[in-house]
Amino acid sequence: MPSSAALSSAVAAIVYLCQILPSLALLEFFPNNGPPRTELDESFLKQFPEHWFHHQKLDHFNSADNRTFAQRYFVNFQFYKPGGPVEWWRRRPGASFLRQEPTFRKSGDPASELPYLEAGTSRFGLLPEVSDVEYVLGVLAFFCIGGSYPGNLAAWYRLEFPEMTRGCWAASAPVFAQEIWPGYGQMVWKAVSTNWRGEVDESVPAKLYAGYEQLAALAHDGTVEGFDRLKKVLNICDASLVSVDDRNNFENTISTAVAEVMQYNNSGNMHLKEVLDTITKAESPLQAAVDVSLLLGLNKSASGGCVDASITGFYQPLVNDTLPLDGSGNAMRTWTWQTCNEFGYFQTGTSEWGKSTLYTRGVSSSALWQQVCSNVFGIAAEEVPVRIAETNAYYGGKNPKNISHVLFTNGELDAWSLLSITEYPPNHREVYTKLAPLGSHCVGLYAPMEGDVPGAIAIRKQALTLFKSWGNLSIGSSSNAGAEHEVVTSPMEGLQHQNEDQEKKEGYEEKSHLVLQI
C-alpha cells in the first residue's frame, strides 16, 4: 500500500455507489454519457472492458459464511495522467469513478440471493474494491457520490467508514424510511400546480384529479356503455378490469403516471410544462385525464397490443425470479424486495387533512403494497413496519449521529426531498444542505445542459468547492464552502453565472483525468 506521503501528488477518486434502478442519472457522467439502461451493449463493453473482483464476500454480516462470488466492474483511463488535478463536472472529472454491480446479479438462483441485497451489503462490498484502487494507483483521497437510493449509500458509507473517504455527496437521498407515504402524491400535486416561473395555480391539478376520479368511477361502477368506452379509449384488454384489485391497479397506473414526469422534470425527455399545457387545453376534467394518459402513452403496451390493467399483470415481473441472459437483471423485483425489507416508501393515496394529493383512493390498496411483501417475498404485513423502524434506528433517519463531510442536495419539486435531509443544524462536522428551487430528482448531479435551473449550477459549485477543501486539492482559486444550510431564494438567481460558466466551458481544454467505473 502507498504511504500517506503520496497524498499530495495522488489523484482523488470519486466513488459512485450505483445500483441498477437509480443508476441512470449517474451514467450521465461517464464518457460519452454511457448506456442509458441497465444492460451493457457491445459498444460499451468494447470501450470499457469488464474486470472482475473474484473474491467478493457474499454475506458481510455472517462471519461463519465464507462464500464469495466474482463481482464485475469497469475501468476507464481515458482522461488520466499521473498526478493530475481533480477538475470535474463541466471540465470532465479528473478523478476515479468506481461503478459496482450489486451482488444479486451474478448468482444462478436470484431468489436465494435476495436476503443479501440490502444497503449494508452494498456498502461493505465496496471496501475491497476501494483498497484495490488504492494499491494499484496510489490513490488515497476518495470521495463518494450517489443520487437517489445510491445517495443513501453515499451518506451511509461516509457514516460507517469515514476513514475510507474524504467526503461524500448525497443527492436526493431518501434517508428516512417510511411505510405509508402519501407525501409522494402530494408533491406531484404541488409540482403540477407550479409552472416554470414558479407561479402556483392549484386549479390545474384539481382539474386533473377530478378527471382521474371520473375514470376510477367508470372502472369501479360505470354503466356498460361507459365501461366499454373507457376500455376503448385507453386500449384496455378485455377481462383485465374484473376484480376490485384489477380496478385499483388501473387507478394506480393512471393517477400516478405524472409522477415520473415530476421526478425527472429537469432531466427527462418530457417536462411538466407539456402536462400542464395538456390539462389547461382540455375542455373538461375527464378529457384532461384522458389526454394526459394518452400523452404519457398509457394506451400503449410493449407488445403493441392492448394494455393489461389487471393485478395479475402487475405481479408478473415481481414473481419472476429469473435473470435475462443479457445481464439486465429484474430491477422492479429486486427494488421492491428492498422496499419491503428495509425502506417502505409505499406511495399511497392516503388522505391527510389540509394536504391535496393527485393520487386516487385505489392507489392505497394493500394489494399494491403490503400484500406484495407477503405474497411475493414472504414478509408478513405486520413485519414490514418493524424492519423499517430498524433501518431508521441503525442509520439515524434524518439525524444520522456524528456524520461528517457530507453534502445533501435536493430539488424543491422532488417528492424524495421530503424523506431527505434539506436542513441541518449548524455544526462543526461540515454537514451541508442545499435545496434548488424548481429542482427535480438529483438536480445538479447530471452533466450541465441547456435550460438548467439555476439551483443546479449552485449545487455543482458547492460540491466542487467542498471536494477541493476536503481533499486539500489545488484546483484554481479556493473559496468558502458556504453555510450549513443554503437555499437559492429566486428561480432566476444565478443566470448571469450560468452564462459565464458556459463561456468558460467552451474554452476549456481537457487534461489529466482518470475514470474508473465499478
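Student: Why is the disulfide of C144 and C168 called right-handed?

Tutor: In this predicted model, the torsion about the S-S bond of C144 and C168 is about 105°, so the disulfide is right-handed. C144 belongs to strand β5 (residues 141-147) and C168 to strand β6 (residues 167-171), so the link ties together parts that are 24 residues apart in sequence.

Student: What makes C144 and C168 a disulfide?

Tutor: Their S to S distance is 1.9 Å, and the cut-off is within 2.5 Å, so the pair qualifies. Both cysteines are buried. C144 and C168 also belong to a second, separate core of six residues, which includes Y157 and M164.

Student: How do you know that C237 and C306 form a disulfide?

Tutor: Their sulfur atoms are 1.9 Å apart, and a pair within 2.5 Å counts. The link is right-handed, with 100° about the S-S bond. C237 lies in the loop between α8 (224-233) and α9 (244-255), and C306 in the loop between α12 (285-295) and α13 (311-319), so parts 69 residues apart in sequence are tied together.

Student: Why is C237 called buried?

Tutor: Its relative accessibility is 14%; buried means under 20%, so C237 counts as buried.

Student: Why is C306 called partly exposed?

Tutor: C306 has a relative accessible area of 36%.

Student: Which handedness has the link of C340 and C373?

Tutor: With -85° about the S-S bond, that link is left-handed. Its S to S distance is 2.1 Å. C340 is in helix α14 (residues 331-343) and C373 in helix α15 (residues 370-377), so the bond ties together parts 33 residues apart in sequence. C340, at 1% relative accessibility, counts as buried, and so does C373 at 0%.

Student: How do you know that the length of α16 agrees with a helix of 12 residues?

Tutor: At 1.5 Å a residue, the 12 residues of α16 (residues 384-395) should span 16 Å, and the end C-alpha atoms are 17 Å apart, which agrees.

Student: Which residues of α16 are buried?

Tutor: V384, I388, T391, N392 and Y395 are buried. They cover an arc of only 90° around the axis, which puts them on the same side of α16. On the other side, E390 and A393 are exposed. G396, with a positive phi near 95°, follows the helix.

Conventions:
Residues are numbered from 1 along each chain as its sequence is written. This is a predicted model: local features need pLDDT of at least 70, side-chain atom pairs count only at pLDDT 80 or more; totals for chains, interfaces and linings use all residues. Side-chain values use heavy atoms; hydrogens and water are left out. A nonpolar core is a set of buried Ala, Val, Leu, Ile, Met, Phe, Trp, Tyr and Cys residues joined through side-chain atoms within 4.5 Å. Buried means under 20% relative accessible area, exposed over 50%, partly exposed in between (1.4 Å probe, protein chains only). Helices (H or I, at least four residues) and strands (E, at least two) are DSSP runs, numbered from the N terminus. The expected span of a helix is 1.5 Å times one less than its number of residues. The arc is that of the directions from the helix axis to the C-beta atoms.
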